[in-house]
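Keep the model open beside you and try each task before you turn to its solution.

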Protein chains: 2
Amino acid sequence: MLRRERQGEGRVTIKDIARLADVSVSTVSRVLNDRPDVSEESRRRVRAVIAAHHYVPNNTARDLVRLSSDAIGLIVRGVQNPFYTDIIAAVETALDAAGYTMVMRQIGFTDDELAVGAMMQREKRLRGVIFLGGRLNYTPREVAQLNVPFVLCSYTNAFGMLDRATYSSVSIDDERAAFDAVSELLRNGHTRVAALIADRDGSTISALRFRGYRRALREHGIPLRGELVISAGDSFAIEDAYRAVAEGLRRCDDFTALFAIADDMAIGAMRALREHGRDIPADCSVIAIDGIAVSEYIHPMLTTLSQPREELGRRSVELLLANIEGRGAHRQLMLPTSFRPGASVRAI
Amino acid sequence: MLRRERQGEGRVTIKDIARLADVSVSTVSRVLNDRPDVSEESRRRVRAVIAAHHYVPNNTARDLVRLSSDAIGLIVRGVQNPFYTDIIAAVETALDAAGYTMVMRQIGFTDDELAVGAMMQREKRLRGVIFLGGRLNYTPREVAQLNVPFVLCSYTNAFGMLDRATYSSVSIDDERAAFDAVSELLRNGHTRVAALIADRDGSTISALRFRGYRRALREHGIPLRGELVISAGDSFAIEDAYRAVAEGLRRCDDFTALFAIADDMAIGAMRALREHGRDIPADCSVIAIDGIAVSEYIHPMLTTLSQPREELGRRSVELLLANIEGRGAHRQLMLPTSFRPGASVRAI
């Protein structure tokens with residue numbers, strides 16, 4: 001007791017307790033707050049350590065500063081994107097389990113995520129940053145402002161010039177997924193296949209998926225017809241997809257299948273097709289990429305290439321923390337998609 | 001210059017710049033980071049103040065501590081709920097504009113949001129907490145652990161015992177919204193109206209909306225039939241709604257209309273109805289509450305009572321900050337819903 005007092009009240013922290021009990025900081029917090037989601041074995045160990053060290057949770061500035069320096073930024077570009085919901089949950093769960101704090105910032109689709117990341121890193125003393133959605137063309141000079149490790153989650157530096165040793169990314173192979181989706185339509189006999197994209201020339205996911213569309217047509221000897229490429233502008237939003245397809249159909253409706261670069265955009269497109277008198281899939285097949293929850297319940301169920309959303313979030317955290325904690329070098333992971341058959345594609 | 005040096009480098013903060021330039025802290029940050037989303041007039045004023053005061057952005061511990069003590073917790077219970085997406089965006093935008101930092105934590109539907117809030121408040125030195133979704137039956141003793149102002153966003157203390165002077169809430173009138181939705185079905189000639197709920201007896205939004213269903217039936221002289229009440233358990237998830245309705249239909253399908261307590265649940269129900277051979281709305285009308293984006297694009301478009309999602313988020317921040325900054329007492333706001341006609345209800 002005397003010895004503990006000489007060491008000072010603040011010497012035993014929540015992290016010490018976690019280390020001594022061989023559990024995560026998050027588990028110690030749960031025990032301190034009497035939460036049910038802790039195993040009896042962990043609870044017993046944590047309580048034993050707390051008792052042995054006379055630990056009292058406190059909120060002195062010292063403890064709080066220590067904790068706040070475990071902040072990881074999650075910068076989400078276009079948060080209304082339903083595709084991101086499961087990824088955000090997976091990132092938060094993985095960070096929490098590892099004893100870090102997620103500080104989330106949502107930015108608009110045209111905001112500069114690197115500038116926001118740099119600002120947050122200074123203001124919140126971030127240890128690292130996860131970018132959920134962003135430009136695919138960063139230069140070394142642009143990312144130099146960050147000063148902390150970062151991961152591109154759900155996208156890559158496909159159009160950029162970053163040295164692979166300087167960043168991590170976790171994504172699918174977007175061009176390949178689009179190639180597979182369009183090939184599925186071609187295998188079903190479709191030759192007049194429209195594409196619903198956001199933009200075709202930018203350094204974006206949309207441009208990568210558009211590449212896959214072009215390559216699939218090319219490999220099947222089908223010429224690209226510009227009037228069958230429908231752009232929703234720089235937007236992935238469902239309402240913009242709906243409007244773009246409604247307008248596109250007025251210009252040219254000479255197609256029997258539509259490839260949409262995202263499930264949510266496909267759902268917007270399907271309404272426009274129906275309002276144009278097209279039954280899906282009798283008059284027009286539809287296929288997309290993402291596999292968001294709702295696309296499994298709409299009528300007809302959307303045929304899509306499903307992204308491993310939980311794994312995208314979890315792996316992003318793993319790579320970032322490995323780098324921060326000196327356990328691993330930067331890596332670029334590409335995860336496979338899975339084909340989820342629905343009822344929106346038919347053979348002709 | 002001499003005078004500035006005597007005052008010390010740290011004396012002019014980003015907040016001082018904001019006050020002197022008559023803009024928000026967020027605007028100053030944007031100017032410092034050369035972001036495009038600032039008016040030329042604001043940019044000019046901020047730069048003039050920065051030049052006049054020789055301000056240099058720094059990341060000394062003092063500035064960081066000051067900033068980190070502006071943290072507001074947002075605790076989201078059941079983050080996969082698509083209804084929350086727009087609210088989260090509105091909360092973050094409003095907090096950012098007011099110079100606060102949002103620290104978001106997502107918890108499972110059965111987690112205790114008050115315990116999480118209390119833990120976060122200590123660990124992150126929160127100034128206040130916004131609960132997005134939670135129990136409706138808090139007691140004064142339970143909330144005493146929080147120690148900071150809080151707002152219930154999208155729900156109320158309807159089943160609890162809190163003194164109205166001690167908390168804020170921003171929600172719709174859930175019982176009234178359900179009453180209005182079911183009344184719309186009854187006005188269209190339906191008398192055999194099923195209800196899809198989460199639970200009927202708990203202290204939840206579901207129980208409040210179930211009250212509205214019962215009251216509408218009662219006022220129209222229609223007896224409540226237990227076999228027409230379909231519970232998805234304690235879940236609002238689309239997959240649980242789908243399963244519950246699929247099972248419910250096998251027990252009893254003697255109804256011509258379905259009231260679902262949430263849009264997402266209605267979308268799950270519609271798939272189950274179709275798989276049971278029911279066309280919507282020819283064989284069964286469907287109405288719900290929430291007005292999430294996707295429900296406007298599915299087939300048939302869902303008829304629903306739309307919640308003012310952006311306003312729910314924005315008003316929650318307003319009430320919380322007014323209380324924190326001593327500008328206003330706690331209040332309980334109820335915002336109106338708006339009827340969004342779709343194509344899922346027909347007269348019989």
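A residue is buried if 20 or more other C-beta atoms lie within 10 Å of its own, exposed if 12 or fewer, and partly exposed in between, with C-beta atoms placed from the backbone. Helices (H or I, at least four residues) and strands (E, at least two) are DSSP runs, numbered from the N terminus.

This is a predicted model: local features need pLDDT of at least 70, side-chain atom pairs count only at pLDDT 80 or more, and totals for chains, interfaces and linings use all residues. Residues are numbered from 1 along each chain as its sequence is written, while chains are lettered from A and ligands numbered from 1 in the order in which they are written.

**Exercise 1. Trace a mixed sheet in chain A.**

Task: Work out the strand order of the open sheet with mixed pairing in chain A, then find the helices that lie across its strands.

Solution. 
Step 1. The six strands follow the order S7-S6-S8-S9-S10-S12 in chain A.
Step 2. At the edges are strand S7 (229–231) and strand S12 (338–340) of chain A, each pairing on one side only. From one strand to the next, the twist averages 20°. (Axes are lines fitted to C-alpha atoms, for helices over the stretch in contact, and angles run from 0 to 180 degrees between N-to-C directions.)
Step 3. Inside the sheet, strand S9 (residues 285–290) and strand S10 (residues 303–306) of chain A are parallel, with four bridges. Ile287(A) has Thr303(A) as its bridge partner in S10(A).
Step 4. Helix H11 of chain A (residues 238–251) lies across strand S6 (193–197) and S7, at about 140° to S7(A). Helix H12 of chain A (residues 263–275) lies across S6, strand S8 (257–260), S9 and S10, at about 155° to S9(A).

**Exercise 2. Describe a helix pair.**

Task: How do the axes of H2(A) and H3(A) cross, and which residues meet?

Solution. 
Step 1. Helix H2 (residues 14–21) and helix H3 (residues 25–32) of chain A have axes that come within 8 Å and cross at roughly 105°.
Step 2. Classify the angle: under 35 degrees counts as roughly parallel, over 145 as roughly antiparallel, 65 to 115 as roughly perpendicular and the rest as oblique. H2(A) and H3(A) are therefore roughly perpendicular.
Step 3. On the H2(A) side, Ile14(A), Lys15(A), Ile17(A), Ala18(A) and Ala21(A) take part, meeting Val25(A), Thr27(A), Val28(A) and Ser29(A) of H3(A).
Step 4. Sorted by class, this contact of H2(A) with H3(A) has six nonpolar, two polar and one charged residues. (Ala, Val, Leu, Ile, Met, Phe, Trp, Tyr, Cys and Pro count as nonpolar, Asp, Glu, Lys and Arg as charged, and the others, Gly among them, as polar.)
Step 5. H3(A) is largely enclosed by the rest of the structure, because seven of its eight residues are buried. Among them are Val25(A), Ser26(A) and Arg30(A).

**Exercise 3. Step over to chain B.**

Task: Which strands stand at the edges of the six-stranded open sheet in chain B?

Solution. 
Step 1. The order is S2-S1-S3-S4-S5-S11 in chain B, with parallel pairing.
Step 2. Strand S2 (101–107) and strand S11 (332–335) of chain B each have a single partner strand, so one side of each lacks a neighbour in the sheet.
Step 3. Neighbouring strands here are turned by 15° against each other on average, direction ignored.

Methods
Pairing = 2+ DSSP bridges. Contact = placed C-beta atoms within 7 Å.
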